[in-house]
Amino acid sequence: MTDQLVTLSLVAVYSAMAIYTVAFILFTMDLARRTAAVSTVSPVVTAHADGYTTVLERVDAPPAKSPRYLRAAFALTIIAWVLHVSAAVFRGVAAGRVPWANMFEFTLTATAIVVGVFLVVQFWQDLRFIGAFVTGFSLIALGIATTNFYVDVVPLPPPLQSGWLVIHVFVASLGTGFFAIGSALSIVQLLQSRRAANKASGLRFLDTLPAAEKLENTAYRLIVVGFVFWTFTLIAGAIWASYAWGRYWGWDTKEVWTFIIWTIFAGYIHARATRGWRGARSAWLAIIGFAAVVFNFTIVNLFFKGMHSYSGIPGVGE
Amino acid sequence: MTDSSRPSDHIDAPAPSGIAQPKLGPVGYLRFFWRQLTSMRTALFLLLLLAIAAIPGSLVPQVSSDPNGVIQYKAANPGIAPVLEFFQVFTTYSSVWFSAIYLLLFVSLIGCVIPRTKHHFDAMRARPPKTPARLSRLEGFTTRTTSGDAADAISAGQQVLRRAGYRTELFEDSVSAERGYLRETGNLVFHTALIGVLVTVGIGGGFGYTGQKVVVEGYSMTNSLAVYDSFNPGRFFTDASLVPFAITLDSFTPVYEEDNVKALGQAIDFTADVTTTLGGGESEKRTIKVNHPLEIGGAQVFLLGNGYAPVITIRDPEGDVVFSQPTACLPQDALLFSNCIVKLPNGLDEQLAVVGFLYPSAVEDNFGRLASNYPDLINPILSVNLYTGDLGLDNGVGSNAYSINPASLTQIAGVDSDTPAIRLSPGDVADIPGGLGTIELSSIPRFVSLDVHHDPAQVWVLVFAVLVVGGLVTSLFIPRRRVWIKALTGSDGVVTLEYAGLARGDDPGLDAAVAELADKHIDQLSPKVET
């Protein structure tokens with residue numbers, strides 16, 4: 001039974017990856033289409049008087065209709081995500097526990113959450129233009145996970161047998177999801193502000209995307225949510241460590257990097273209120289912060305010696 | 001961190017340029033440096049510096065978390081190790097430079113929190129400000145008209161605002177309202193709680209202690225200094241902190257995976273059954289498991305390691321026992337292949353060293369070599385090498401109990417000698433070459449490694465950590481805003497109601513909130529239509 005479920009899980013992952021690939025291509029084609037479309041769209045300017053002052057406003061280019069590539073890409077992402085989530089669920093049922101107890105499973109679940117956050121955020125704001133980033137990122141992560149991180153289903157070692165595994169790791173993944181989307185927006189923000197600085201050069205599709213300041217505000221709102229989750233992860237991890245390892249904080253390599261990431265994003269939040277740090281500089285902090293998250297999960301897990309050696313990969317991190 | 005008269009997330013305007021600075025006296029300079037230290041820029045700089053400063057400690061093993069790693073690192077890198085040692089990189093997180101950064105950061109934090117608290121305290125008691133003359137300049141500006149009386153409309157507006165949690169102030173033809181004071185309160189709680197975490201961590205570390213002790217099945221430990229194998233007291237630790245208790249390990253029961261062929265022998269559960277006595281009180285049966293420490297006398301006892309402690313009995317040629325006690329063996333892998341050492345300086349004609357390799361489930365390969373493929377005792381064999389010579393215990397220099405120095409010793413049983421290694425199953429007795437006596441493997445009990453931890457401030461650290469999260473959520477997600485309703489009576493007697501808001505800090509929902517207020521207010525004013 002376990003073996004069938006594990007196989008089913010892998011089939012679902014590979015199918016999800018195939019569909020993500022198509023979605024990624026379509027998202028990219030949508031960006032290309034935007035480049036072509038820009039030349040035909042002229043900025044719409046309206047003037048209106050409200051009794052006191054007359055205001056000139058540039059109206060965001062109205063999306064005539066949601067373009068075909070984009071709709072197809074988004075629909076495929078949803079289908080791939082459903083497969084992706086079922087892969088995680090099958091794996092969890094096969095193992096009889098949450099599907100995030102080793103590096104393979106964690107990558108599987110965390111990328112599902114990243115894509116999930118991306119999908120849910122669309123109800124709030126149309127951020128489909130970072131679809132290429134999100135599907136591309138998940139595709140690479142899943143590719144590495146299935147080829148390099150894969151381990152068989154084995155029972156949980158005693159230190160991981162705790163309710164905190166469910167909470168601590170899941171909230172960490174949620175935080176990662178929000179940081180990923182936020183930093184993707186920060187990247188677009190940087191491109192956008194660079195384009196605004198030296199007029200009309202650079203990537204033309206940027207004209208169809210929100211302005212740098214709007215991107216910055218959206219990124220900020222996502223990252224503060226991620227920051228709250230990350231703070232919670234840090235504390236939940238400390239509580240768990242106090243039960244499992246006999247101390248709540250011991251500067252284990254993973255603890256150090258979780259702390260570093262927390263500090264970077266705390267810096268990011270403060271940077272927004274600091275003269276000279278708003279805009280591009282704070283965007284760089286968000287990107288560095290997310291890079292540190294990825295570093296913490298890959299390099300720190302695989303090459304640093306520490307107590308979080310739960311990758312399950314023989315000879316790694318011990 | 002910020003100008004205290006501004007909300008926490010106020011955005012600074014660009015720096016003015018070309019201002020002639022006044023001459024500063026000593027007090028002026030002190031104030032200048034204090035202002036610099038408590039400025040947002042400095043705080044941000046220190047915060048990012050702290051992130052960078054934490055990195056080296058993750059690259060180089062730390063004395064606190066990995067003392068053996070430090071020793072190995074120093075041996076492997078004799079060139080760079082003294083430099084790192086000088087810069088306290090092996091103790092990064094208690095180093096002078098790391099401490100300096102976080103202490104400066106916290107001083108900066110305190111210097112920011114105190115004036116802001118005072119300002120917030122004043123703001124909490126202040127009334128909402130006078131309504132601005134031109135609401136149309138403000139955010140979310142919208143208008144409605146009503147046929148009713150202007151004064152009635154305003155007082156109804158005040159009711160609506162009050163119900164929505166605003167603090168209101170009535171003016172001639174308008175009402176001014178403000179809400180979201182909790183945002184700044186949360187912000188201050190967050191920052192104050194961070195200071196609380198730092199202080200309580202310091203107190204806990206100062207007055208607490210941790211101690212490690214290996215206990216073999218059937219044996220006991222007491223909570224006293226002399227008993228521990230290793231002990232780390234805090235700076236203000238006194239012997240009085242050691243609450244007298246005793247723990248006897250009745251049995252240790254591991255469970256290993258037997259069905260899943262991909263994880264055969266993987267540990268899935270550890271249970272230590274113990275009997276405890278606190279002070280001179282009644283003894284009590286308790287259990288300790290991983291993730292479930294034992295609480296006793298204000299201390300927590302953790303189950304951190306386990307292994308085998310074979311009882312080796314050595315007799316002299318007359319048959320008198322000169323040594324018989326369990327010896328904890330160091331596990332070498334997850335399947336508990338273990339390495340044990342006994343040093344016997346007295347009792348026999350020569351000093352004797354016993355180096356044992358314990359195979360819990362021994363199997364022999366085609367070349368006659370032993371290996372162990374399961375952690376439980378299915379076919380245990382202790383393969384023993386024996387050495388005679390100078391153990392180096394007489395010169396007063398401390399030596400590692402888990403290693404021998406073969407240079408001063410002669411192997412008398414083992415691959416380098418005439419007699420092959422002696423293989424003992426439980427109950428086996430073998431002669432020690434050279435007529436020195438006999439060696440017996442009497443039994444193989446298990447040992448556990450217990451970690452006793454006392455931290456008097458741990459609960460407070462948790463309390464402040466919870467406040468950190470609470471304060472953070474409050475300060476990030478509660479909008480602080482002012483809104484106004486103004487009634488203007490036109491010449492035709494129609495009353496125009498103006499609504500507008502002002503964000504104090506990040507407030508994405510302001511426009512929607514003003515519109516919603518206007519709708520609710522008009523709803524309130526229009527007479528209910530009978531159907």
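This is a predicted model: local features need pLDDT of at least 70, side-chain atom pairs count only at pLDDT 80 or more; totals for chains, interfaces and linings use all residues.

Residues are numbered from 1 along each chain as its sequence is written, while chains are lettered from A and ligands numbered from 1 in the order in which they are written.

Start with chain A, which has 8 helices and 2 strands. Here helices (H or I, at least four residues) and strands (E, at least two) are DSSP runs, numbered from the N terminus. Read from that end, the elements go α-β-β-α-α-α-α-α-α-α. Of the 318 residues in chain A, 49% count as buried. Buried means that 20 or more other C-beta atoms lie within 10 Å of the residue's own; exposed means 12 or fewer, partly exposed is in between, and the C-beta atoms are placed from the backbone. Among contacts in chain A with a separation of 6 or more, 76% link residues 24 or more positions apart. A contact is a pair of residues whose C-beta atoms, placed from the backbone, lie within 7 Å.

Now look for the nonpolar cores, each a set of buried Ala, Val, Leu, Ile, Met, Phe, Trp, Tyr and Cys residues joined through C-beta atoms within 7 Å. The largest has 187 residues, and A:I181 and A:I223 have the most contacts inside it. Helix α6 (residues 212-244) of chain A gives the largest share, 17 residues. Leaving out residues up to four places away in sequence, A:I223 touches A:F178, A:F179, A:G182, A:F265, A:Y268 and A:A286. There's a second, separate core of 23 residues, and B:L161, B:L497, B:A513 and B:A518 are in it.

Where do the chains meet? On the chain B side 52 residues are in contact with 44 residues of chain A. The elements of chain B that give two or more residues to this side are α2 (40-53), α3 (56-59), β8 (267-278), β11 (299-308), β24 (446-454) and α9 (458-477). By class, this side of chain B has 29 nonpolar, 14 polar and 9 charged residues. In that count Ala, Val, Leu, Ile, Met, Phe, Trp, Tyr, Cys and Pro are nonpolar, Asp, Glu, Lys and Arg are charged, and the others, Gly among them, are polar.

Chain B itself splits into domain 1 (26-117), domain 2 (127-180 + 479-525), domain 3 (208-306 + 449-455) and domain 4 (311-444), with bounds that come from an automatic or database domain assignment. The centres of domains 3 and 4 of chain B, taken over C-alpha atoms, are 28 Å apart. Between these two, 5 residues of domain 3 are in contact with 6 residues of domain 4. The domain 3 side of that contact has 4 nonpolar, 1 polar and no charged residues.

On to the sheets of chain B. Two strands pair if DSSP finds at least two bridges between them. One open sheet has 5 strands in the order β1-β26-β25-β3-β2, with antiparallel pairing. Its edge strands, β1 (139-146) and β2 (167-170), each pair on one side only, and the twist averages 15° from one strand to the next. Angles run from 0 to 180 degrees between N-to-C directions, with axes fitted as lines to C-alpha atoms, for helices over the stretch in contact. Strands β25 (residues 481-489) and β26 (residues 495-503) of chain B share 9 bridges, and B:W484 stands opposite B:A500. Helix α10 (residues 510-525) of chain B lies across β1, β25 and β26, at about 15° to β1(B).

Another open sheet of chain B has 4 strands in the order β13-β12-β23-β22, again paired antiparallel. Its edges are β13 (321-326) and β22 (429-432) of chain B, each with a single partner strand, so one side of each is left without a neighbour in the sheet.

Finally, find strand β19 (residues 381-389) of chain B, where 7 of 9 residues are buried. β19(B) runs antiparallel to β16 (residues 352-359) of chain B over 8 bridges, with B:V355 and B:N385 as bridge partners. β19(B) also has 4 bridges to the antiparallel strand β20 (residues 409-413) of chain B, where B:T388 partners B:T410.
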